[in-house]
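Hi,

Here is the structure I promised to pass on to you. Have a look first, and then read my notes below.

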Amino acid sequence: MEAAPLPRSRSRLGPLLFLARKSLLGSRFTFALLVLSVAAGAGFQIPNTANLAGFSEALLEEELRHGGGDVRVEPREKRHFEDGAAAAARVSEAAGASVRAAVPVLVLPGAVGKGGRFQNALVYGYDFPGEPALRPFHLTSGALPAPGDTNGVLLGTSLANRLGVKVGDAVDLRIILGGPPGGAGEAVGGPPGGAGEAVGATVMTVRGLVSGSAGAYRSAFLDRASLAEKTGARAAASAIHVHLDDHFAASDLAPRLEARLPEARAVGWKEDDPYVTNYLAANRTINAVSYAMVVAAISIPVWALFHIHVLGRRREIGILAALGFSRREIFGLFLLQTLVVALAGLSAGAALGYGMLLYFDAYPIFSWEALVVRPVVTAAVLAGPCLAVLATTLLAGSVPAWRAARTDPARVLRRID
């Protein structure tokens, strides 16, 4: 039978806080182990979550912002849009306010050589200088070709290393021109590349070297008007790269563009680059597994240590119950101890996690070309692990606290239990 509670002549919060501190610090070693367990979980999960978020952000930045854009629009039947700038304007108007930029590009297969030795490469025609945040490359050395520069080219770093060239060197450029935009299958300048194709050859000067994990490292870039002129249509563009503020709106926008522009075919990055989608899905799975491991790593030792802690204080609990403390108050007493452990562990874990964030920011876990993974430090990224650790600790500690509240003082004080 539960003892009748004492009359509530004064607040019991003070005595409860005193008893909680006295009980928790009664075994400093157990308290230290509890705090260490929580701190290790928080200290591990904070940088892990930040790094995984950084990987997703870097992947989207490189593959979309500095790659093919969020939506890729191509002509449905012809080789190219005859006027790339006009086509980009139509796409931008059809897409509405959600479009950050619509960039016309001309892409042709080709090869770059030096001293008779050639490397296959995609040749991009681009309107320089363009918005730096949306260029399909990162300039690492040299300078951008000026608008209308018919002799300048940017080479990917891998391509330049293979050929042994540097800024200022002359290189041989071979381009498979194909038929002109207005006449598919019509040869331009003769049939060296086969029926309906022509190969353009010219000597270019390397203006700069570029990097980029979306393919820029092994590609060549030159002025779009200069490249398009070789195909017979100075303003030609093979695609319009549409950049959005919201990457994940691309799949909804693509069919709307096709409906409004029947002469074009539009595809979102999720459908065009399924490997990016799979990378992001794998990243989320790894993060979920990491959270599960942290929950297990915290809940098991916290539950076990608090269970032992409660067993060692059953006589004290019996005395409190006999003095009139209710089950709710006893439960709150031990849950308060759990909260103290959680907050102390989170403080230590946050300090450890912050130190690891600084380390990973200085020494990224992954770096290749322009794809550099650094931890993302935002309130949402930091709050997730902290809230998960706090909830796990409180849930793990609530079981022993409930057991303490269910203690029968009569059986304990008579030493039956």
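For exposure, buried means under 20% relative accessible area, exposed means over 50%, and partly exposed lies in between (1.4 Å probe, protein chains only). A word on the source: this is a predicted model, in which local features need pLDDT of at least 70 and side-chain atom pairs count only at pLDDT 80 or more, while totals for chains, interfaces and linings use all residues. Residues are numbered from 1 along each chain as its sequence is written, and side-chain values use heavy atoms, with hydrogens and water left out.

Salt bridges first. With a salt bridge taken as a side-chain nitrogen of Lys or Arg within 4 Å of a carboxyl oxygen of Asp or Glu, a search of the whole structure gives 12. One of them joins K78 and E82 at 3.2 Å, N to O. E82 is partly exposed at 42% relative accessibility, and K78 is partly exposed at 48%.

Another salt bridge pairs E263 with R90, their closest N and O atoms being 3.8 Å apart. This pair links distant parts of the chain, 173 residues apart: E263 is in the loop between α6 and β10, and R90 is in helix α3 (residues 84-95). Helices here are DSSP runs (H or I, at least four residues), as are strands (E, at least two), numbered from the N terminus. The loop between α6 and β10 also holds L261, which is buried at 9% relative accessible area.

Two more things for your list. E369, in the loop between β11 (366-368) and β12 (371-373), has a positive phi near 50 degrees, in a residue other than glycine. E369 is partly exposed, with a relative accessible area of 28%. Finally, R72, D272 and D273 are linked in a network of salt bridges.

Best wishes
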